[in-house]
Amino acid sequence: MIAPPKPDLVTVNIDGKEIAVPKGTNVIEAARLVNVDVPHYCYHPKLSIVGNCRMCLIEMGMPAVDPATKAPIMDPATGKQKINWIPRPQIGCGTNVSPGLHVKTTSPMVKDAREGVMEFLLINHPLDCPICDQAGECKLQEQSTGYGRGYSRFVEQKNVKPKRTQLGPRVTLDDERCILCSRCIRFSKEIAKDDVLGFVDRGSYSTLTCFPGKQLANNYSLNTVDICPVGALTSTDFRFKMRVWFLKQTNSIDTETSVGANTVVWSREGQIYRITPRRNDDVNDTWMPDSGRELFKALKAPDRLTSAETVDALVARAAEVFKQGPVAVVGSGRSSVEEQFLTKKLAAALKATTALVSRVGQGDKLLVSADKNPNVRGALVTGLIAALPSQKLTDLAASIDAGKVKVVVSVGEDLAAAGLTAAQLAKVAIVYLGTHANATSAAAKVVLPTLSVFEKNGTFVNQQFRLQKFAQAVPGPQGATNDLIVLAKLAAAAGATVASDLGSVWKLLAAEIPNLAPITYANLPETGLLLDATPFAALPFVEGETLHFKPAVAGAAVAAKA
Amino acid sequence: MAVITVERKPLTLAERTYLPQIVGGLMTTFRHLVAKKTTLEYPEQRPAIPAGYRGVPTLVRDPNGREKCVSCQLCEFVCPPKAIRITPGEVPADQTDRAHVEKGPQAFDIDMLRCIYCGLCQEVCPEEAIFLQNQFSMSGYTRAEMVNHKDKLYELGGTLPDQHYKWDKKLEAEKHGNAH
């Protein structure tokens with residue numbers, strides 16, 4: 001027995017275990033809290049409940065009371081209040097907890113019901129697991145090990161439905177595998193707000209399809225693939241690429257925008273195969289935009305920067321360049337918090353001015369925000385910049401024109417795209433740190449190849465001022481060096497000694513920045529940690545409203561003006 | 001420690017002539033001269049391979065000459081010494097008799113320097129496409145030569161009878177099936 005429940009908690013009994021759960025919780029979620037798995041297909045914690053797969057059937061009952069006196073009826077055999085069990089199984093997803101609710105999830109009736117549901121679901125299922133991309137993460141496969149009968153009693157012909165249908169540019173549909181759970185339909189309607197999917201025909205002929213003339217083409221279409229419990233919806237890009245059981249999962253962050261959607265990177269032997277969302281109820285729920293799933297393709301792009309020279313040789317050349325005159329450092333909102341901190345140290349050692357380039361685009365009110373830099377707030381927290389960056393480096397351009405800046409260190413920023421003319425680029429010596437070639441790297445005196453977000457560890461601060469970490473999924477290419485090492489070596493060349501490994505950098509961060517004081521990279525939770533945002537409350541951030549984020553008043557005013 | 005003195009028996013006359021021993025040895029020699037041979041002139045002569053022998057793993061075609069492997073990668077997963085390496089791919093739409101299978105191997109490599117001839121790949125194959133057959137002798141001058149690629153595997157495997165014609169049944173169902 002547990003302590004008396006709080007007013008908003010309801011005590012329920014699941015398989016003999018008492019637990020207090022918040023009002024409005026359904027039986028599947030309540031059972032999860034006592035580590036009881038209720039198998040389900042159509043239920044999804046972030047979607048509305050339809051209860052059409054019937055897999056989550058449970059047996060439930062309520063304590064018996066005398067109808068007239070409302071006095072509890074006691075069971076003389078046990079001395080406890082008698083439970084009136086409902087003689088038919090009920091669906092767990094559609095049953096919300098009520099005080100005193102008793103649930104059985106392992107009774108013979110429940111097992112019978114699950115086996116019956118499984119048999120019906122498998123009647124028209126093609127059982128083509130050897131060629132199905134879902135194999136290995138398929139709920140139907142998993143539940144059929146627990147509740148399948150191992151052979152089929154169905155001697156009639158299976159239904160034939162459309163196969164290899166292109167629902168949109170990124171999603172392939174195999175209707176024969178579909179078990180009609182309608183998760184994808186509900187997702188499109190409720191989350192993506194792009195109502196394009198529906199069932200046509202009746203009974204066992206029911207078929208998932210796009211509405212005539214419509215396509216599943218929105219930027220969230222691949223989430224339907226993630227939530228599909230079977231292999232009906234598959235990613236066209238990942239189709240037949242690799243079996244999921246070979247892939248290593250690494251937690252990462254979507255770097256597209258300042259939303260910082262939590263992701264999992266799936267890789268094998270140094271090659272990334274796909275990126276899927278990771279559940280974080282405070283940031284992205286279980287979703288992520290399609291655009292963020294293709295970022296890994298840039299790793300193998302032909303314009304990837306590598307160098308045959310050693311880092312030390314490159315840094316020595318950069319040190320020569322630093323002697324040419326006053327330096328300006330252009331940091332990046334794409335760098336991690338640690339890199340921005342070392343960039344600040346480098347700038348201090350070089351007595352340089354610092355700037356950041358802002359990238360503003362269109363937000364979609366869901367998981368793409370207007371700020372296309374993932375870590376502008378990290379630069380504010382670390383003190384690399386004091387005010388919000390602008391999109392064009394006009395101050396730097398003026399300084400170059402006036403001859404006040406002779407050397408520019410760019411951390412992955414294309415200065416040409418940030419408003420500097422070719423003539424201005426030619427007037428200064430550029431030291432470029434970056435992953436991919438661009439106009440700035442072409443004009444640079446020294447190019448120091450660095451790593452992408454998938455090839456290193458670090459942290460970002462997202463639009464909620466939530467510090468989130470990402471981990472290395474694959475090794476970097478030969479001839480590219482970790483940004484922290486490059487920045488530390490450059491700072492050393494400029495006369496400042498700073499650490500280059502993540503643990504030591506975090507010790508410095510904790511010592512110098514009170515906002516980050518108790519945190520280390522190792523103890524940062526996977527779901528992130530909210531930082532104190534009050535010092536920056538007055539800044540007019542560009543983001544509009546997105547999922548789980550409402551802009552502060554200052555930002556909203558700017559958005560309204562724009 | 002006690003010492004036991006052993007008396008050496010004197011040799012008899014027959015033993016001292018060595019003749020009975022020489023004759024006995026020659027009799028054994030002549031008996032084998034006329035007996036049936038138990039050795040083989042390998043490699044010109046080859047031994048008979050018993051049924052169920054686990055030789056070199058090979059890929060087989062069905063009696064219609066079609067590839068059976070669908071690159072499900074279960075053999076790659078189960079292979080204890082990680083000798084198998086498969087690159088899965090999509091069956092091109094112009095292969096009309098196989099396009100409905102959708103998936104087939106782009107590349108299929110078995111490193112015979114790693115293979116331990118355990119037969120788990122054959123056991124696990126859901127399509128009955130990989131078999132350890134009679135071939136028992138592999139040789140090569142380089143390591144690269146000892147990796148059997150897809151074409152070599154099909155050449156070694158040949159064609160085996162098919163009990164099921166699973167995908168033909170599927171195609172048949174698609175043509176005359178329960179569509180409405």
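How many bridges join strand S13 (residues 262-268) of chain A to S14(A)? Six bridges do so, and the two strands run antiparallel. In this predicted model, local features need pLDDT of at least 70 and side-chain atom pairs count only at pLDDT 80 or more, while totals for chains, interfaces and linings use all residues. Residues are numbered from 1 along each chain as its sequence is written, chains are lettered from A and ligands numbered from 1 in the order in which they are written, and side-chain values use heavy atoms, with hydrogens and water left out.

Chain A holds 14 helices and 22 strands, taken as DSSP runs numbered from the N terminus (helices H or I with at least four residues, strands E with at least two). Along the principal axes, its C-alpha atoms fill a box of roughly 90 × 55 × 45 Å. Of the 562 residues in chain A, 53% are buried (under 20% relative accessible area, with a 1.4 Å probe and protein chains only). Among contacts in chain A with a separation of 6 or more, 65% are between residues 24 or more positions apart; a contact means heavy atoms within 4.5 Å.

Chain A exposes about 24000 Å², and carbon and sulfur atoms supply 56% of that area (Shrake-Rupley method, 1.4 Å probe). As for charge, the mean positions of the 62 positive and 53 negative charges of chain A lie 1 Å apart. Here Lys and Arg count as positive and Asp and Glu as negative, with His and the chain ends not counted, and each charge is placed at NZ of Lys, CZ of Arg, CG of Asp or CD of Glu.

Back to the opening pair: S13(A) sits in an open sheet of three strands with the order S12-S13-S14 and antiparallel pairing (two strands pair if DSSP finds at least two bridges between them). Strand S12 (248-253) and strand S14 (271-277) of chain A each have a single partner strand, so one side of each has no neighbour in the sheet. From one strand to the next, the twist averages 30°. A:Arg268 stands opposite A:Gln271 in S14(A).

Two bridges link strand S3 (residues 103-111) of chain B to S5(B) in the antiparallel sense, and B:Asn148 in S5(B) is the bridge partner of B:Ile110.

Terms used
Buried < 20%, exposed > 50% of the residue type's maximum accessible area, 1.4 Å probe, protein only. Axes fitted to C-alpha atoms, helices over the stretch in contact; angles between N-to-C directions.
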